[in-house]
Amino acid sequence: MSSSKSKTTIGFLTVLEFESVGSIGGYLVLNIGARPLEFHCTAPVKANRAQEILYGNTLKPYLHGEVISTALVSKASIKPDFVLVNDDTLATSGNLGCPRLWLQRLSETPPPVTQFQFVDVERWRCCFEKASDLDDQQVKETLSQLYETVDLDEPFQRIQAAIEEARRGARAA
Amino acid sequence: MWFGRRRKVEPDRHEPLVANGPTVEVISWNHSIGDARESLTPPVDFYTTGWNSAIARTPRVESDDVALDSNEPQIMSLSVRHPSVQVRGFRFPESAQWSTFMPSDSEKTIDGSPGQRRKKTPRRSDDGLPQATRMKPPKDIVKLEDRLYYLLQPPLESIIASASLRFPFEPFPYQYEGVAFLFPRFEAVLADEMGLGKTMQAITTIRMLLVSGQIRRILLICPKPLVSNWLREFATWAPEIPIAAIEGDQKRREWQWRQHEPAVRVANYELVVRDHLVVGEEGNHFDLVVLDEAQRIKNKSNTTSQVVRGISRSRSWALTGTPVENSPDDLVGLFEFLSPGYLHTGMPVPRMAQLVGDFVLRRTKDMVMTELPPKMYRDAEISLSPEQWSTYQGAEDNGVIKLENMGTELTIQHVFELVLRLKQICNFDPATGASSKLDRLEADLEEVAASGKKAIVFSQWVKTLEKIAQRLERFNPLEYHGKVPSKKRDPILDRFKEDPDCSVILMSYGAGSVGLNLQFCEYVFLFDRWWNPAVEDQAINRAHRIGAKGAVTVTRMLSVGTIEERIHQVLEDKRELFNSIFSQTDSPKKLGLSQDEIFGLFDLKLPGRNAA
C-alpha cells in the first residue's frame with residue numbers, strides 16, 4: 001500500500017456480459033479523490049462452441065478472470081494499491097498481480113471465513129483473501145476516505161457508461 | 001388311479017440295459033387286475049440316445065480366424081487456444097491538474113477575510129447516499145477519448161467537494177445539473193427562467209473550469225446596471241476568484257483590456273462597443289466570453305451584436321431568461337454569437353427546437369416548483385373613473401378616426417402612439433389626475449405596509465412613477481428608473497432592503513426588470529402592462545426568486561373595456577411562443593404581435609390590404 005495517501009490509486013474492475021457479443025471488460029484507475037487516471041476496456045470476448053463444451057462450468061471464471069481481467073490489468077501503466085471487483089468470479093479468478101478486494105453489500109452472503117477477511121465500510125463489505133498481504137486497517141482507512149467522495153460502487157457505474165459509449169461508437173463506425 | 005381289486009404284485013425284473021455308461025436297472029411294474037379287465041400299465045419302450053457316449057467324448061472346438069484391421073484409429077483433436085483480447089486504453093493526464101485554485105493573494109472566505117480551506121463532503125440524500133449529478137458530453141464532442149473523459153469523471157458534487165469549493169448556500173439539485181450542463185460545453189445557452197440562479201450556476205462552472213486549468217481568461221458582458229451585481233455575486237459565490245470591472249477613462253480601460261490579470265473581467269455592452277478596437281486586438285483572446293441578458297444581441301445586424309461576435313474566444317455562453325422575446329428569429333441572432341451559421345432566419349420552429357436542444361438548457365419555476373415558494377397571480381380588473389372614461393372614449397374615437405383618414409400614410413408608429421396615449425389615460429386622467437388604478441394601489445399598499453411586507457410597483461413611464469410617488473408619500477416610496485443617476489441606484493436598493501419604513505419601490509420596466517435581486521419582496525404590482533410578456537415575467541421574477549420567504553403575489557392591473565384588455569389577450573397568446581420552442585408541444589398558432597394584430601386592436605386594416 002502506498003505510504004502517501006495523496007498518491008493512493010485504486011483500480012475498479014468489472015466484466016459486463018452482452019448476449020449478442022459476449023463479455024466486455026472495463027478497468028478504471030482512480031486517485032483517492034475518485035478522479036480518473038486511466039481507463040481500459042476490451043473488445044467483446046465470446047467463447048466458441050468448443051470452449052463452451054470443454055470448459056463447462058469453468059468457462060466464466062476462465063474468460064472473465066484469466067483472460068479478460070488479466071489482459072486489462074496488465075495493460076494499465078499505473079499499478080494501483082488494490083483492485084476492487086464486484087462479483088465472486090472476479091474475486092477468485094485470474095492473477096492480477098496486485099491485491100484484490102471483493103465489494104459486497106452488507107446484505108449479501110459473505111464468502112467463507114476460512115478463505116477471506118472482511119472489512120466493513122458504511123454499507124459495504126470488502127473481502128480479501130487471507131493470503132494477500134493487505135492490512136485491514138489500511139484498507140478500511142483508504143476506502144473510508146474514498147467513501148467521503150463517492151459511494152464505493154459508483155465507479156462501476158462509470159465503467160458501465162463508458163463501455164456503452166464505446167459500443168455506441170463502434171456500432172456507429 | 002387304480003381300478004379293481006388290489007393284490008400284491010411282485011415286480012418283474014429284467015436284464016438291465018447296459019450301454020457304455022452306467023448301469024441302469026429297469027424295474028417295471030405290470031399291474032394286472034387278474035380278471036377280465038385289461039392291463040392298465042402303459043407299455044414302456046426304451047431307446048438308446050447316445051448321450052452317455054457323447055458326454056464322455058472330449059468336446060471338439062472349431063474356430064474361425066478373423067484378421068484385424070492394421071490402420072491407426074482416427075483421432076479428433078480440439079485446440080483450446082487462449083483467446084486473444086484486444087484492449088483499448090486511455091490516460092487522463094489532465095486529472096493531475098485538478099488542484100485548488102490559488103490566487104496570488106491569500107485565500108478568502110465569504111466575507112473576504114483570510115481563512116482556511118476545509119474539505120467539504122458531498123451532499124447526501126436522506127438515506128445517506130451521496131448525491132450524484134453526472135456530466136454528459138455534448139453531442140458535438142465526437143472523439144471517444146474526449147467523451148469518455150466526461151463520462152468517467154466523478155459526480156459533480158464530489159468534484160466540488162474535493163476541490164474544496166465552498167458555497168454560502170447549498171445549491172439546489174437542478175443547479176448542479178446546470179453546472180454539469182455548462183462545464184463540458186464550448187457553446188451553451190442557459191435559459192432558465194428569471195430567478196432560478198443562472199448567475200450562480202455560471203459562476204460555479206467558471207470556478208470549476210479555473211480549478212481544472214481549462215480556462216484562464218474570462219470576459220463577462222452584461223447590461224450596465226448589472227456590473228455591480230456580478231461583482232457582488234462573485235464575492236458571494238466565488239470569493240477566491242479575482243474579478244474586476246472594466247471602467248474608468250479610455251487610457252485606463254485600454255490598459256485593463258490588455259492585462260492578463262485578473263482572471264475574470266466584467267464590462268457592459270456599451271463599453272465593449274466603445275472599446276471594440278482594443279477588445280478586438282490580435283492577441284487579446286478570451287478562453288470564455290459570457291453574455292448576460294444575451295437577448296441584447298438577438299438582432300444580429302446591430303452594432304452590439306457585431307462587436308460581440310468579433311471578440312476572439314474559445315467558449316461562448318449566453319445567459320438569458322428570454323431567449324425568444326418576439327420571434328424565433330431572436331434565437332438565430334443569439335446563435336450567430338455561439339455558432340455562426342448554425343441556425344438561419346425563417347427556419348421552421350420544430351426544426352429549430354431540434355437543433356438547439358443540445359445547446360440550450362431551460363428550466364422554469366414550475367419544473368423546480370418544489371424548491372420555491374408559490375407565485376400567485378391576482379389580476380385586478382379596474383373600471384376607469386368617470387373622468388378617465390370620458391377622456392378615454394374621446395381619445396379613442398378621435399384617434400381611430402384620424403388613423404382611418406390617414407389612408408396609405410398610416411404606419412404602425414401612428415398606431416403605437418395612439419395605443420400609448422390610451423394606456424396613459426388608463427393610468428391617469430390627463431386633465432384631473434384621477435386614477436382608479438392608483439386608488440386601488442393605495443389601498444393594497446396599506447395592507448402591505450401594515451403587514452410589514454415590501455412591494456415593487458412597475459410602470460413603463462417615469463412620469464407615472466413620479467405621480468405615484470407623490471400620492472404614496474406616506475409609504476416612503478423609493479424610485480428606481482432612468483432618471484435616477486447610476487451611482488444612486490445601489491444605495492436605493494440597499495435602503496429599500498434595510499429600511500423597514502420603506503414599503504414600496506417604484507421601478508420602470510427598463511431600469512428595474514433586468515438582473516436585480518429583490519427576493520425579500522412579496523408583492524409585485526404591474527401598474528401598466530408591458531408590450532411583451534417576457535419583460536413582464538422578468539419584472540415579476542425580481543421578487544419571485546429563490547430565497548423568497550413566502551408566496552409572491554403578483555397584481556396585474558387592467559382597465560376593463562379598454563385597449564389594455566385587448567392587449568392582455570394578445571400577451572396571453574405570446575406566452576405560447578415560449579412553450580412551442582422549449583417544450584414538446586406543437587408549434588404555436590400565433591407568433592407574437594404581428595402588424596395585422598396591432599392594427600387589429602382598433603379594427604384597422606394594414607394599409608395596402610384589401611378589406612375582408
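Predicted model: local features only at pLDDT ≥ 70, side-chain atom pairs only at ≥ 80, totals over all residues.
Q: Which strand of chain B does S3(A) pair with?
A: Its partner is strand S3 of chain B, residues 87-91. The two pair in the antiparallel sense over five bridges.

Q: What holds paired strands like that in general?
A: Strands of a sheet pair through backbone hydrogen bonds.

Q: Which residues stand opposite each other there?
A: Phe39(A) stands opposite Phe90(B). His40(A) stands opposite Gly89(B).

Q: What order do the strands of that open sheet come in?
A: The order is S6(A)-S7(A)-S5(A)-S4(A)-S1(A)-S2(A)-S3(A)-S3(B). That makes eight strands, with mixed pairing.

Q: Why is one side of S6(A) and of S3(B) left without a neighbour in the sheet?
A: Strand S6 (116-121) of chain A and S3 of chain B stand at the edges, each with a single partner strand, so one side of each has no neighbour in the sheet.

Q: How many degrees does the twist average from one strand to the next?
A: The twist averages 25 degrees.

Q: Which strands does H2(A) lie across?
A: H2(A) lies across strand S1 (9-18), strand S2 (22-31), S3 and strand S4 (82-85) of chain A, together with S3 of chain B. H2(A) runs at about 40 degrees to S2(A).

Q: New topic: S14(B). Why is it largely enclosed?
A: Strand S14 covers residues 504-508 of chain B, and five of the five are buried, so the rest of the structure largely encloses it.

Q: Which residues are on each side of S14(B)?
A: Val504(B), Leu506(B) and Ser508(B) are on one side, with Ile505(B) and Met507(B) on the other.

Q: Why the alternating pattern?
A: In a regular strand, side chains alternate between the two faces of the sheet.

Q: Which strands pair with S14(B), and in what sense?
A: Strand S12 (residues 455-459) of chain B pairs with S14(B) in the parallel sense over five bridges. Strand S13 (residues 478-480) of chain B also pairs with S14(B) in the parallel sense, over three bridges. Ile456(B) stands opposite Ile505(B), and Leu478(B) stands opposite Ile505(B) too.

Q: Which helix does the chain cross through from S13(B) to S14(B)?
A: The chain goes through helix H17 (residues 486-498) of chain B. This β-α-β crossover is right-handed.

Definitions and conventions
Residues numbered from 1 in each chain as written. Chains lettered and ligands numbered in written order. Pairing = 2+ DSSP bridges. Helix = DSSP H or I, 4+ residues; strand = E, 2+ residues; numbered from the N terminus. Buried ≥ 20, exposed ≤ 12 C-beta atoms within 10 Å, placed from the backbone. Right-handed = clockwise from strand over helix to strand, strands pointing away. Axes fitted to C-alpha atoms, helices over the stretch in contact; angles between N-to-C directions. Contact = placed C-beta atoms within 7 Å.
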